[in-house]
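Let's walk through this structure together, starting with its sheet and ending at its ligand. Please keep the view open as you read.

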Amino acid sequence: MHKLENPFQETLIQRHRADSCTVVIFGATGDLTHRKLIPALYNLAAGGDLPQQFKVVGFARREKTDEGFRAELEESNKKNSRQGHDATLWASFSQNIDYHCCEFQDFEGYKSLKLLLEEFDKERGAPANRLFYLASAPEFFDQIMLMLRQSGLNVGSGGKWARVVCEKPFGRDLATARHLNEVVNATFHESDTYRIDHYLGKETAQNIMVLRFANLMFEPNWNSRYIDHVQITCAENLGMEGGRGGYYDTAGALRDMVQNHLFQLLSLVAMEPPTDLSADSVRDEKVKVIRALRRYQGVEEVSKNIVRAQYIAGSVDGVERVGYRQEDRVNPKSMTECYVALRLFVNTWRWQGVPFYMRVGKQLPKKATEISVHFKYPPQAPFPTTLQRGTRNVLVIRIQPDEGISLRMLSKLPGVQLLLQPVKMDFRYSTSFGKASPEAYERLLLDAMAGDATLFARRDEVENSWSFIDEIEHAWHNENSQPPMGEYPAGSWGPKDADDLLAADGRVWRRL
Ligand SMILES: NC(=O)c1ccc[n+]([C@@H]2O[C@H](COP(=O)([O-])OP(=O)(O)OC[C@H]3O[C@@H](n4cnc5c(N)ncnc54)[C@H](OP(=O)(O)O)[C@@H]3O)[C@@H](O)[C@H]2O)c1
């Protein structure tokens with residue numbers, strides 16, 4: 001039988017697994033640790049995927065005992081664990097969780113952390129690898145890095161590695177991202193630095209590369225000859241619940257979602273095939289996409305290609321919602337966008353003239369993230385009916401929820417007449433594989449422990465995307481003439497200007 005040369009073989013076989021690891025979580029009493037990190041580690045334990053010698057140290061400032069900390073984590077694990085909660089498994093898993101009470105700024109606490117880790121090593125009879133997870137607000141990154149450096153914790157002991165995982169947001173513009181990168185890289189080598197973008201941990205995001213490069217039928221058509229345009233939508237049906245308004249009002253949709261998640265998806269769709277699956281080969285190709293984006297400078301170019309808006313009062317799923325400026329912790333005169341639509345062009349041979357439309361917004365009718373690739377019409381159709389709107393081939397990659405891929409094509413309606421109708425071929429993860437996909441954080445934590453940085457953002461990716469975003473932000477906050485801030489009622493699909501952006505090109509947003 002013909003054996004396929006398979007560049008994905010590495011992912012098909014058992015991954016390299018770290019022999020031992022202690023994960024230190026900075027900000028361990030916070031929401032992320034409770035809702036995502038501990039449930040992810042617990043589910044990895046349930047699947048037998050954690051290293052043999054495994055420990056977690058929670059680092060935060062509130063006083064707690066180890067037992068008290070474990071009991072709180074148990075309650076949140078019951079609510080958030082993907083595969084449910086098993087009391088026996090939890091008992092053995094949680095024995096390896098300790099709490100270290102300390103202020104991020106307190107050097108003494110890092111010295112005692114070092115002693116604690118050394119004590120673990122003594123108990124095991126060998127040093128362990130160390131993964132430092134920064135689940136804290138980014139303004140503490142500087143401080144934590146400095147302390148890790150001064151205490152010598154940034155260097156692995158006894159030949160073992162020390163790595164750092166940084167949560168988003170990684171900066172708020174190019175200058176702050178550069179500064180953070182300087183600080184992080186002064187403490188850890190770039191190859192030991194893992195910048196999280198949890199979208200990359202989602203199965204469907206990873207499947208974009210498999211779809212494109214492991215199936216021959218798509219890639220030959222994946223270019224400006226056959227593709228009319230691409231849409232990327234990330235819709236949320238929530239607003240500023242849970243006190244999120246304070247942070248969000250300083251960031252906005254462009255910084256919070258486009259710079260990281262949407263650009264990562266764009267890179268995966270538009271990149272050239274990497275020569276192999278090493279982290280740098282994949283990231284080399286992804287960063288080229290961001291570098292090739294047509295830049296928009298000045299208010300006029302930005303207004304022509306980018307729409308921003310805020311929601312006003314309305315209702316989502318029959319529930320009344322206040323407008324953005326009336327939300328808790330939001331400035332009543334805020335000029336922060338909670339919706340943005342963009343028309344982008346990737347200036348490469350492959351994508352010349354193909355628009356990539358993106359939209360992201362709060363208080364939209366449903367929660368959904370998807371990529372749709374809209375193909376051109378056939379050059380000549382020997383059918384009595386003309387091919388018109390709604391009859392293009394469309395390949396939809398659903399990132400969340402209901403992960404899967406569907407393909408719309410035309411078919412003949414049964415009957416004596418030759419009538420055409422669009423039909424859909426649908427692949428769903430949940431039914432095809434009969435098991436739920438792992439949570440993004442499970443995959444990403446495992447990869448960081450295995451030393452595989454493919455699904456993490458590299459320094460140049462982050463800086464190039466901020467450089468693009470900065471120009472838009474400058475135009476939006478230009479003192480002399482600011483582009484307009486549109487409005488849309490909560491529960492609608494966004495402002496009219498976003499529809500007009502596509503209508504000007506003779507196109508419409510896909511109905512989700
Ligand atoms: N939550 C999410 O779903 C989510 C998703 C994506 C990214 N993120 C990112 O992850 C990071 C953490 O988010 P979060 O929602 O978990 O934040 P959070 O709930 O506000 O938790 C912050 C944590 O930092 C600790 N902390 C704050 N100041 C400290 C200090 N001076 N010394 C020691 N500890 C201190 C807090 O400890 P005490 O409780 O002891 O004060 C708490 O453990 C943020 O960068 C966020 O943007 C979060």
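The paragraphs below cover the sheet, the domains and the ligand shell.

This is a predicted model, in which local features need pLDDT of at least 70 and side-chain atom pairs count only at pLDDT 80 or more, while totals for chains, interfaces and linings use all residues. Residues are numbered from 1 along each chain as its sequence is written.

Begin with the open sheet, whose 6 strands run in the order β3-β2-β1-β4-β5-β6 with parallel pairing. Strands here are DSSP runs of E with at least two residues, and helices are runs of H or I with at least four, numbered from the N terminus; two strands pair if DSSP finds at least two bridges between them. At the edges stand β3 (97–101) and β6 (193–195), each with a single partner strand, so one side of each has no neighbour in the sheet. Follow β2 (residues 53–60) next: it pairs with β3 in the parallel sense over 5 bridges, and Phe-59 stands opposite His-100 in β3.

Now zoom out to the domains, with bounds from an automatic or database domain assignment. Domain 1 covers 17–167, and domain 2 covers 200–442 + 458–503. Their C-alpha centres lie 35 Å apart. The contact (C-beta atoms, placed from the backbone, within 7 Å) takes 6 residues from domain 1 and 4 residues from domain 2.

Finally, which helix gives the largest share of the shell around the ligand? That is α2 (residues 31–46), with 3 residues. In total, 19 residues surround the ligand (C-beta atom, placed from the backbone, within 6 Å), and the closest are Gly-27, Gly-30, Leu-32, Ala-60 and Arg-62.

Terms used:
Contact = placed C-beta atoms within 7 Å.
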